[in-house]
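Q: Please take me through the labels used for this structure. I want each value set against its cut-off.

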Amino acid sequence: MSTPRLLSFALCAALASLAHAEDAKPAPEQPPLTEQTQRSGGQLPVEQQRVNFDHAELHFSVDLAQQSLDAEARLTFTAREPADVLLLDLDPHFTISELTVDGKALSQGQWSNPEGRLRITLPKPLVKDGKAVVEIHYGGKPHVAKKAPWDGGFVWSHTDDGQPWIATAVEGEGCDLFWPCIDHPQGKPDLVDTYVTVPKLLAAPGNGVLVDIKEHGDTHTYHWRAKHPTTYAISINIGPFEVLKSDYRSRYGNTIPMQMWYLRGHEVQAKQLFSEFPRMLDFFEQEIGPYPFGDEKMGVVETPHLGMEHQTINAYGNGYPRSEYGFDWLLQHEFSHEWFGNQVTNADWDDMWLHESFGTYMQPLYGQHFYGDMPYFSMLQNERSMVKNAFPIVADRSQFEHEVYDAEHGPANDIYYKGSLMLHTLRQMIGDRAFFETVRRLVYGRPDPKPGNFAPHYATTRDYIDIVNQVSGRDLHWFFDVYLYEAALPKLVTRQEGNTLHLHWQVPHDKPFPMPVEVQVGDKLVTVPMTGGDASIPAPTGTLVVIDPHSKVLRDMPHFAEYQQWKKEQAEKKAKAAK
């Protein structure tokens with residue numbers, strides 16, 4: 001892949017072959033996306049800052065034979081301040097047949113969408129707290145993903161017996177690939193109703209709660225309702241699905257519906273996977289806090305692509321494998337995004353590590369929770385071998401999605417693996433109690449979450465740093481300054497001089513880094529404060545010396561770089577031999 005987007009899962013580069021991408025039809029020739037449509041995020045335009053997105057009512061009728069969409073969006077906004085323009089995002093390859101504001105049709109001179117930035121001049125300017133209802137009738141062939149979920153769009157596939165199997169995955173390019181939205185992390189509507197009309201032999205599982213299914217001759221319409229969904233986490237799923245249902249009795253006193261929508265013929269595998277749902281809920285509710293969407297559902301749907309954290313209806317296409325770790329890592333990772341991504345959402349793509357670092361760290365934590373330290377450190381070792389350190393995790397400026405996931409010019413996979421290992425280091429340094437307290441406050445915006453006393457919210461990198469400082473009672477800016485805002489890792493330089501071991505932290509730009517480190521000297525474990533970044537301890541010549549014997553600190557270690565270089569050379573040789 002020229003621009004790898006490991007969108008929602010750890011270790012997926014190694015495991016992508018498990019996806020059902022081979023079942024999907026090859027993407028037909030289609031017009032290229034405009035630059036505007038390809039971009040997601042960046043600075044939120046002033047026009048979009050001026051309004052609150054109250055409600056999106058989305059009606060989709062899918063022509064399976066033509067692979068086309070006939071759609072209607074009814075969007076409601078409230079002005080935070082006076083506004084005379086509404087600014088939305090919608091792929092301009094869709095044809096807009098009608099556009100109305102408050103029931104009045106607008107002429108094409110009152111709206112334009114040449115590059116995918118839909119600009120609507122309001123017939124009557126909005127005063128503060130004024131409302132506007134926009135209806136957009138549009139249709140056409142939606143963009144087809146070349147390789148979902150790394151490349152966004154529709155996936156038109158089929159089951160083994162030739163029945164339609166369709167999914168959307170649009171994290172990269174954004175929600176505007178199939179509905180008119182505010183394509184920005186902060187563009188979440190307060191409420192979304194989706195109506196998907198499909199042939200009666202097919203089902204259309206969706207986000208949130210199933211309100212009803214209306215019958216229309218040979219078709220039926222599924223109506224789903226979701227509160228505060230992340231824009232890219234709204235999805236369309238169509239297929240010959242069966243569904244498993246059960247309820248989870250939460251430790252917080254509420255009951256959470258669980259649903260697994262699977263392809264007919266996969267019942268045995270689906271039941272096995274479904275049996276993992278309760279213990280995943282139990283883990284997250286114990287370690288982090290209440291499932292954020294307990295009044296809707298915990299949902300999973302089988303998809304013809306690997307996976308995506310679609311809110312309350314997580315996409316799953318991992319092929320039902322067995323694992324040496326005793327759980328399906330992909331399902332666990334995607335489910336983690338209900339907390340890290342859907343409950344707490346990055347305010348900007350530059351803060352995307354808040355989704356992926358925490359989401360990735362949940363797999364080692366899960367292994368440790370059930371089986372102890374062996375799977376925990378095994379998974380962390382795998383993550384460590386993939387850290388690149390080419391760019392800082394955080395650029396400290398507003399970014400587009402593609403900038404963050406660009407493997408040539410951005411942090412890419414490091415927002416998963418390096419961020420996960422950084423969280424491991426933070427946990428070791430401040431202790432479990434403080435660490436999990438920081439996570440709760442980040443996720444819920446409060447230390448005492450209970451069903452009903454919190455709602456989805458946005459957070460920034462600075463927000464989490466402030467939380468850590470408050471909870472730990474220490475100023476730990478130095479920690480994040482190095483791990484998040486520098487590309488290179490700190491390096492611990494050691495020098496033996498007689499019976500003394502000298503230690504020195506070598507840090508980019510000579511930043512302060514008073515990271516304590518444990519050293520095993522003989523059979524004794526010594527904790528070295530490293531207050532000024534330097535220290536010396538007694539270590540008689542010939543005595544066994546092991547630096548950081550319990551692997552608590554993420555640091556530069558040359559053997560990882562040597563291994564990565566060897567792997568690269570082996571891959572190049574293999575590619576050359578295959579020609």
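A: Start with burial: buried means under 20% relative accessible area, exposed means over 50%, and partly exposed is in between (1.4 Å probe, protein chains only). The model is predicted: local features need pLDDT of at least 70, side-chain atom pairs count only at pLDDT 80 or more, and totals for chains, interfaces and linings use all residues. Residues are numbered from 1 along each chain as its sequence is written, and side-chain values use heavy atoms, with hydrogens and water left out.

Q: Why does Tyr 464 count as buried?
A: Tyr 464 has 0% relative accessibility, so it counts as buried. Trp 353 is also at 0%, and therefore buried.

Q: How many aromatic pairs does the ring rule give?
A: The count comes to 40.

Q: Why is the pair of Phe 284 and Trp 339 called stacked?
A: Their ring centres are 4.5 Å apart and their planes lie at 15 degrees, so the pair is stacked. Phe 284 is in helix α5 (residues 277–287), Trp 339 in the loop between α6 (329–336) and β20 (344–346); the pair therefore joins parts 55 residues apart in sequence. Phe 284 is buried at 0% relative accessible area. Trp 339 is buried at 0% too. Both belong to a cluster linked by ring pairs, with Phe 283, Tyr 291 and Phe 293 among its other members.

Q: How do you know that Arg 279 lies over the face of Phe 370?
A: A charge sits over a ring if NZ of Lys or CZ of Arg is within 6 Å of the ring centre and within 35 degrees of the ring normal. Arg 279 is 4.8 Å from the ring centre and lies over the face. Lys 147 lies over the face of Trp 150, at 5.2 Å.

Q: What makes Arg 441 and Glu 437 a salt bridge?
A: A side-chain nitrogen of Lys or Arg must be within 4 Å of a carboxyl oxygen of Asp or Glu. The closest N and O atoms of this pair are 2.8 Å apart. Arg 441 and Glu 437 are four residues apart in helix α11 (residues 432–444), so about one helical turn separates them. Arg 441, at 24% relative accessibility, is partly exposed. Glu 437, at 17%, is buried. Together with Arg 440 they are linked in a salt-bridge network.

Q: What links Asp 396 and Arg 462?
A: Their side chains meet in a salt bridge, 3.6 Å from N to O. Asp 396 lies in the loop between α8 (373–384) and α9 (401–405) and Arg 462 in helix α12, so the bridge ties parts 66 residues apart. Arg 462 is partly exposed, at 36%.

Methods:
Phe/Tyr/Trp six-rings, centres within 6.5 Å; stacked < 30°, edge-to-face > 60°. Helix = DSSP H or I, 4+ residues; strand = E, 2+ residues; numbered from the N terminus.
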